[in-house]
Amino acid sequence: MIPQLGEEEAQAAAEAIRSGWVAQGPRVARFETEFAAAVGAGHGVAVSSCTTGLHLALVLLDIKPGDEVIVPSLSFIATANAVRYVGATPVFADVDLATGNLTVETIDAVRTERTRAVIAVHQGGVPFDTAALRKAADGWGVGLVEDAACAAGSTAYGQPAGTGARVAAWSFHPRKLITTGEGGMVTVDDPEAAVRLKRLREHGMNVSAADRHASKQPVLEAYLETAYNYRMTDIQAAVGLVQLGRLPGLVAQRRALAARYQELLSDIDGLVPVRDPAHGQTNYQSFWVLLDGFRVSRDEVLTELAAKGVSARRGIMAAHLEPAYADVTPAPLPVTERITRDSLILPLHHRLTEDDQDHIVGVLRELAVR
């Protein structure tokens, strides 16, 4: 992945610096409003990362020690870590082979009377079945947190992936379609939830620093609860506003490149590329390929690609196989373990050319007949 950053972003950051207001301020507020509108949410709350956004989402849902939160093991480790931040217990569920996402069935297989929430991930930008999971969570009486770290620009049932989410967390890390360097956003429809999230990200203050400075009268703030410093800077938000304007074009470009990959790979036996699910469209934040009876192992494929100048990566990690979760004994996760063992991520970014794709697929074609 190579982020698309240019002179517009540089100028926007410079203007924020010249303004003298570089901490959380008016550009953050504007970014929150415009991002929420872009993803179909009522309110946006900018934070320092998607990870801190997931943490605040669980605090918002009042998840505590003794509670269980179901998560996919097939996700970046931050998804599971956020559960431990609030002292709760992560419970790993398996995923669908085609999408890499949780389903109602895989969640229900590990649900217990202690289950208080589910964190469902739009894995690699592939939207999970929002209608099915939201309906099931409501029926079970558990909170649904949507880990939309990779999902800006993805759609579900014809709407942006965040539309209708009780609470969703988004990432602006450089690996994502739009970036602020580091940074994230939490989106909600409930205005009271937005007010509390803004308080939680700023030490529990009932009046933001920007509002205090804008007042012509002295403001004596109060600290209503123990909270955190999870703020975004106006410099980051300035970059984010430019990036947000690029989003439709970036999605269109990535989908075109992904379609070309799919066409080029279609006659190579043993390779199954990621595709849109029936209920939505992916932004192809990641383009992964599952090896299904391919002639050589995933690691051999990665080694050969690297030798030919191709920077591919292993597939999505499985948190339950990492040392940090060695103390957890999950239910069987056969699909998760298959995907993390037998998949790889191919380059996909705005600088990728058709010649690049032809070279990458050519290496895979050579391996297929070796």
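Trainee: Which residue in S3 is the bridge partner of Ile70?

Mentor: The bridge partner of Ile70 in S3 is Val91. This is a predicted model, in which local features need pLDDT of at least 70, side-chain atom pairs count only at pLDDT 80 or more, and totals for chains, interfaces and linings use all residues. Residues are numbered from 1 along each chain as its sequence is written, and side-chain values use heavy atoms, with hydrogens and water left out.

Trainee: What makes S2 and S3 a pair?

Mentor: Two strands pair if DSSP finds at least two bridges between them. Strand S2 (residues 68-72) and strand S3 (residues 89-93) have five bridges, in the parallel sense, and strands (E, at least two residues) are DSSP runs, numbered from the N terminus, as are helices (H or I, at least four).

Trainee: Why is S2 called mostly covered?

Mentor: Five of its five residues are buried, where buried means under 20% relative accessible area, exposed over 50% and partly exposed in between (1.4 Å probe, protein chains only). Glu68, Ile70 and Pro72 point one way from S2, and Val69 and Val71 the other way.

Trainee: Why are H10 and H12 called oblique to each other?

Mentor: Helix H10 (residues 298-307) and helix H12 (residues 354-368) pack at an angle of about 130 degrees. Angles under 35 degrees count as roughly parallel, over 145 as roughly antiparallel, 65 to 115 as roughly perpendicular and the rest as oblique; H10 and H12 are therefore oblique. Angles run from 0 to 180 degrees between N-to-C directions, with axes fitted to C-alpha atoms over the stretch in contact.
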